[in-house]
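Please open the model in your viewer and keep the selection tool at hand.

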Amino acid sequence: MTSSETPLWRRLPAALALALLAWQASVPWMATPYITQDGPSHLYNSLVFKDLLLHPHGFYASVYRFQPRLVTNWGTTVLLNLVAALAGTAHAEQVFATLLVVAAFACLTYFRRSLDPSSPACDPVTNFLLNTWFLWIGFYNFYLGMALALLLAGFYLRSITSFTSRRAAALSLGLTVLFFVHVLPATLAMLIVALAALWIHVAIPLKQGHRPSVPVAPLAIALGPPVLLLFFFVRHSLGRTPYVPAIRESWKIFPMHVFASAQGWSGEETVLVRVMLLFLLLGIAVLKRAEWQTPRPALAVASLLSFAGYLLVPNQGFGGDAIKIRLSWSMFIFGCTLAASAARLLPLRIPLALCITGFLAANLITTTRNLRNISHAVTAYESALDAVPSGSTFIRLRYGTQAVRESYGFDQVAMDPLFHADAWVASRRRLIDLTDVFALNRLFPVTFRKEITGEQQNWLYHLEDSEAHGFPTFAHVLDTVPFDYVVLVGDTGSEATRNSDFLQTSQWLADNMKPLASDSLHSYVRVYQRTHTP
């Protein structure tokens, strides 16, 4: 039966998937300004990197330098600069988020078609998998890395029985590039390659009574360079990362908030996540005998290993954090992709497509409403910093903003969208933001010059959580670090802020510095000009 003869009802899942994709891709444009939690820091560091590259003795060079250590997280550094050059800084994150959604859809579709070219590849299962917390929080390198991991894994699956040295070299180059985007997706892509190779070239021949024939040389070419990079990346952390897996707590909160954009049934997608978890388990359980002769079992093992990693791996280590929730997402990606290609589950395709579409629509409506409310708070944030002239240097003291979140109507979102709004303003106004966390955590291509010592960087880093570290940390920075302005962010809407030294800090700044501006409605952002420097 040709595509033109296919009954309309059989085309419904593909039509729903494309409609949902158009909606998901347009969400960043339904709020202006559009901002995520970490996105502004990605943009700020990208622009700093470009300026350092083109102007080695320019504006940012007095504070920043290129990171001399081996680091990943290069994806946004390169791509956001390209996007900003074409679309402008004001819309760079919007364009980038849209491109990521479309790219993730294309890569996941390619991966599914690589697993089984004859199975339906375009349906709302894909939309569910890419509609994740990582996008809304601005974990752009990881999101991009997972898309590229699926692309590379799909490339290998398509050539697994004819894996030549030339294809191995291409895969090696891709995995090396992926490593510099994000290390965990690179590791997961290598896991899929290794598992698929073992299954096709070892397990199946042994089961059939044949002698295994593993293409050792091509696999060594493909995996050797990225494995070597991975070794050098993690070797400094080996033995230093405390092993605290928190298995019982991880089990209780599984699968965490991997698909949440806000609290509540629509924002958390609670019902849909349970449906898809059942779909995943069914997909593994009902594979036909013929399907066991394909790479599908490798995906089943990868999904189960991701779940085991979720339980057993510490949530922080090897220079990163939030490891468990990342593995939770990979478990769903591998398992649901497998289930979507299982022949015995094809009768569920249309009802499942309708179910996913209904729940995703509710989630996207909630997400859009929250993003619009967030944009009003960000506009107020920016208005307070309008008084700071371009070319200035500032630090930010960040306390809780619960009252502002409630007032603007985004207190239920599963992130803090104002967390790095200072970097968002700095990117647009060409300011130096000394308290932007990316240069301070030493995991990105830009870091501080040696003139700002490690101890001073630690103090600046602590100002991101002023409720916990308080005024004494600010006093250290005040005495030793030159800057022009202080941005105080916070309100007394939460008990944690009321129990902190927020009011003491506010009063000290008002008495000892020049009050310059604040947002007009809530005064949750206040700007002070420094009258003397150390």
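Axes are lines fitted to C-alpha atoms, for helices over the stretch in contact, and angles run from 0 to 180 degrees between N-to-C directions. Helices are DSSP runs (H or I, at least four residues), numbered from the N terminus. This is a predicted model, in which local features need pLDDT of at least 70, side-chain atom pairs count only at pLDDT 80 or more, and totals for chains, interfaces and linings use all residues. Residues are numbered from 1 along each chain as its sequence is written, and side-chain values use heavy atoms, with hydrogens and water left out.

**First stop**

Select residues 454-462, helix 20, together with residues 466-480, helix 21: their axes lie 8 Å apart, at an angle of about 140°. That angle makes helix 20 oblique to helix 21; angles under 35 degrees count as roughly parallel, over 145 as roughly antiparallel, 65 to 115 as roughly perpendicular and the rest as oblique. Next, display the contact (heavy atoms within 4.5 Å). Helix 20 contributes Q456, W459, L460 and H462, and helix 21 contributes S466, H469, T473, H476, V477 and T480.

**Second stop**

Now select helix 4 (residues 92-115) and helix 15 (residues 323-341), which pack with axes 10 Å apart at an angle of about 55°. Helix 4 and helix 15 are therefore oblique to each other. To view their meeting point, show L108, F111, R112 and L115 of helix 4 against I333, T337, L338, A340 and S341 of helix 15.

Definitions and conventions. Helix = DSSP H or I, 4+ residues; strand = E, 2+ residues; numbered from the N terminus.
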